[in-house]
Amino acid sequence: MQEFVPHKIAGFRPNDDGHLLVDLGRPALEYVDECLVALQGEREMRPRAAATIAGSGVFGTPLYLPGERGSGSRTVDVQYQLNLLEEDVAGEPPAALGPAADADAVDIPVAELRDLAVRLDTAFGQVHRLESVDRIFQHLQTFPGEEVVDIWTLRAGPTRILHAPTGVGKNVLAELVACWCVEHERVASLVMPTNAVVVATAYSIERSLRALGHGDEVVALTSPRSAQKVAEDTARGAGTDPLGEWTFAKLAYGCALPSAALTDGAVDSWQPGDEPCGGLRKIREDGRASGSRRTCPWKRSCGKFRNVRSALAASVIVTSHANWQVGGIQVPVEIQGRVEENFRVEELLLHRSHVVLIDEIDAFQAAMLGRSARGLVLADRRVRALPSPLRRLDNELAESSGRVDASVEHQVRAATAQARFLAETYTGHLSEGAFRRQERGRNPGHPMFGRWLLPRRWDARLAATLFGIPDDVKPTPEHYEMLQGLFPLEGDPAKVPEWLQPARTALGQVTSLTTGDDAFQPVWETIFQTLRECPHPESRLSDEKERIVATDRLIRRAYLEQLRSLLFRFVYAAPQLQASGIMAARDIAEALGQYAEWRAIPYGPLGRSLFAFTEHYDPDRPDDASLRVSGFGGDPHSYVTSLGEVTALAHLGKPRVVVGFSATSYFPGAPHHHVFSKPTWWVADDHSGGVHILASPVSDAEEFLRVSGTHGKARTDVLVRLGELLWKKRLAPALRNLAADPKTAHRQRLLLAVTSYDGVRDLADGISNAGVPADQIVAAVRPDDDRPNRRWTPLPADRLESFGRHVDGSVLIAPLARAQRGLNIVDSQGRSLLGSVWLVVRPIPLIDEPTEILAHVHSRAKASERATAEPAAVLDLLRRVAGRSFDEMFDSLPYFRTMPAEVKLGIVAETLNGLIQLAGRARRGGAVGEIHLVDYAFLDSSGRSDMPRLITKLRQEWQREGHLDLMQRLYGQTLAEIFSFADQRKNTDDPE
């Protein structure tokens with residue numbers, strides 16, 4: 001910075017003590033505006049690098065073919081003979097988007113929504129639309145200034161929330177708003193949780209528009225890669241429903257390239273979604289492929305991109321959470337004077353839409369968190385561990401000779417060899433106990449203490465230790481330069497003091513594979529002895545323990561920082577590697593690629609992106625040692641609340657109307673699903689059915705069965721036993737009661753939720769052991785799992801909504817993550833087909849997972865945010881709170897009982913949030929959502945972490961923070977039922 005800024009950017013100069021001074025000569029905001037105008041001008045003037053189209057000749061590409069049920073994969077080299085006329089070899093002209101939609105506010109008369117509802121109900125012989133509109137607007141509550149009397153005003157700017165319980169009719173309202181926008185020549189975009197909901201919603205809106213006499217286009221905007229799969233899955237699961245035929249007509253396509261393949265095997269190798277649309281390479285006379293890639297000549301008319309092109313002009317666009325967050329258009333567009341070859345879906349929809357409606361906005365935020373924190377295994381010494389991405393990358397490189405550009409291949413091959421050496425050598429020495437374990441006071445450290453490593457966080461302490469700096473004095477930039485010079489490929493070796501030169505040489509040896517020797521122990525001794533020679537008086541290094549710590553951290557830092565640098569090479573080389581059939585590069589890029597993505601809000605409360613390593617070492621099982629890396633970036637909580645403000649302004653220069661719908665988005669303390677924006681409008685949970693919570697543990701002859709906290713075979717055994725007893729003692733009687741009552745006979749089905757697909761199988765086996773026929777046990781399986789089963793009926797997890805209609809049974813067993821949100825198992829009248837929901841396993845997240853850490857750290861920091869006239873002070877407060885939370889989680893054992901109190905409350909808040917959503921699966925049509933807690937871990941008070949106790953603490957926390965009143969206004973009788981359950985359980989020792 002000190003070298004670059006003063007000489008390259010006007011307005012900055014160094015002073016005599018080395019600090020950088022800002023000397024702009026005019027107001028800072030004017031200077032910033034001038035810089036932004038210059039950057040925008042540079043962007044618009046940048047010449048377009050149009051894709052090169054493949055012409056006549058032979059072209060080749062590697063195709064990645066997955067094995068059956070994930071059993072492996074192979075890469076096949078395919079060649080095509082193209083014989084084209086000159087006019088066929090033409091690029092696709094960019095589509096002009098025109099100016100951005102302009103709407104500071106959208107005023108929707110409630111009477112017009114009612115009129116639309118009446119017209120559509122009359123056209124289809126139904127009544128639910130008018131009932132939904134009346135139910136919502138007759139009970140709608142707001143804060144002062146947002147009252148809805150005759151006009152519902154949607155204002156551009158910060159995200160606004162409509163909070164209403166499941167079954168009220170939020171989705172019906174969203175579709176009516178879309179129809180209203182069409183009638184008033186406005187564009188509406190709807191963002192739905194999954195592709196299955198996307199196509200169902202788009203189909204419903206198009207039918208409604210046709211019934212209203214409008215021919216405007218409605219597009220189901222899926223990713224081009226997934227279009228064919230969505231078409232096939234929808235058609236397969238729809239049965240006789242016209243939705244399947246409609247989806248197939250809109251999304252299905254064929255690929256012209258296989259018809260030009262030179263071998264029969266190549267013709268049969270077409271994998272929908274993985275076509276080499278932009279990855280064809282000309283085959284030279286010597287049989288080798290050229291380095292440059294070319295675009296398929298038929299892309300400009302290919303049906304794979306049909307829905308993408310339609311979205312450029314459609315009146316209503318429906319897309320998924322995932323496609324909004326990471327999707328690209330993949331056809332050229334002209335916008336604001338520039339041409340973009342891979343325009344982001346987010347920017348397209350913000351540009352074109354007057355109104356953006358996001359369904360399940362809390363799930364939208366949770367998905368953002370999942371994409372902002374990823375992990376990657378670098379080395380794992382377990383006997384049955386899967387090959388790490390680095391090892392797979394090495395193997396795939398060896399098989400890709402001639403496919404990758406030579407310069408890229410050589411660089412990546414060298415980087416891969418070095419990265420594997422560093423990761424596997426580090427893990428090998430870790431398994432030997434060569435690295436020092438962190439201590440707590442006088443006690444030796446637990447094997448999991450110190451498992452999270454941020455090597456650069458040691459720099460200040462290392463600099464102070466090596467250069468004799470007192471505790472109350474900060475190291476200077478010169479001290480850091482000397483420290484960095486110690487590490488190979490990082491700093492200037494000339495800056496290193498003479499007495500530390502042996503340590504620098506040693507660090508170079510231990511991280512280099514050129515000698516062919518394992519230099520770890522000699523290097524450790526050399527550095528340890530070198531530190532003994534520290535010339536600074538009263539140095540900490542006179543203490544042997546300090547020398548051990550410093551030696552340990554110097555070696556760790558040398559390994560891990562060099563490894564971090566190498567990993568980023570793979571991120572930026574990943575597109576070319578993946579196009580050459582090297583798919584392991586994708587795993588690395590997806591884990592760390594958020595660093596390469598543009599964001600309007602690039603950093604969270606910590607004020608920077610974060611890159612951390614995790615090591616696992618247990619002296620009782622040393623051969624299980626592993627090393628993992630995690631990347632943390634972005635600020636999902638702020639992104640969601642400011643999408644129509646900050647992000648829209650960054651893209652368009654104007655705000656946008658963004659409205660989120662949810663039943664549970666306001667839930668203080670829930671790190672994944674609490675949206676930090678109070679609802680603008682809400683319908684209290686007092687007007688549609690309700691929730692009833694029941695404790696339903698099951699005992700064998702000796703004790704109540706507990707699943708949470710068990711692992712491996714013990715977990716399998718208890719789930720199988722639980723399944724058998726649960727059917728005999730509770731499920732069979734519940735089904736008989738439903739069948740006996742004419743009001744509930746149509747709902748004689750039960751939803752059972754567990755925490756994994758393995759748990760689904762175990763529970764299904766247990767119920768089968770009770771003598772239940774296979775056709776009465778429906779078990780969710782992964783979408784690509786087509787294995788038959790004689791004991792129960794498999795149902796792909798992306799087709800669960802067909803349960804009760806096309807696939808019937810007495811029980812549906814599904815993973816909680818798939819069952820609790822966006823799953824609508826209803827009849828033609830919109831009534832739930834489920835009699836009750838049974839949560840069989842208490843969900844306890846793995847706190848070590850990057851997503852969990854990011855969610856908890858960011859949410860705790862955001863909760864401390866307060867409006868003030870000193871924004872810099874607020875940012876500093878957020879940074880300090882986030883840093884403290886980060887340290888607490890890093891320094892805690894990864895077990896629920898040892899977590900900080902705030903983390904425990906966050907987990908129970910997430911559990912309650914999920915319970916409300918899960919119960920909602922049985923509430924459709926106004927029914928009471930009955931949910932049973934089966935796992936005795938919910939109720940066992942011996943560890944003081946039972947649900948009733950934690951619910952009571954969470955209620956006290958809400959009261960202390962001033963949230964309880966609004967929570968009671970939002971959740972009404974549902975929250976009262978939760979509190980009543982907790983209070984009753986506290987006053988009894990009887991698990992029943």
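Predicted model: local features only at pLDDT ≥ 70, side-chain atom pairs only at ≥ 80, totals over all residues.

A: Buried means a relative accessible area under 20%, exposed means over 50%, and partly exposed lies in between, with a 1.4 Å probe and protein chains only. Residues are numbered from 1 along each chain as its sequence is written, and side-chain values use heavy atoms, leaving out hydrogens and water.

With a disulfide taken as a pair of cysteine sulfur atoms within 2.5 Å, the count is 0; the sulfur of Cys181 has its closest cysteine sulfur in Cys179, 9.3 Å away, which is too far for a bond.

Salt bridges, each a side-chain nitrogen of Lys or Arg within 4 Å of a carboxyl oxygen of Asp or Glu, number 48. One of them joins Arg391 to Glu424 at 3.2 Å, N to O, and this pair links distant parts of the chain, 33 residues apart, with Arg391 in helix 14 (residues 389-398) and Glu424 in helix 15 (residues 406-431). Helices here are DSSP runs of H or I, at least four residues long, numbered from the N terminus. Arg391 is partly exposed at 36%, and Glu424 is partly exposed at 26%.

Arg420 and Asp394 also form a salt bridge, with their closest N and O atoms 3.0 Å apart, and this pair, 26 residues apart, again links helix 15 with helix 14. Here Arg420 is buried at 18%, whereas Asp394 is partly exposed at 21%.

Conventions. Helix = DSSP H or I, 4+ residues; strand = E, 2+ residues; numbered from the N terminus.
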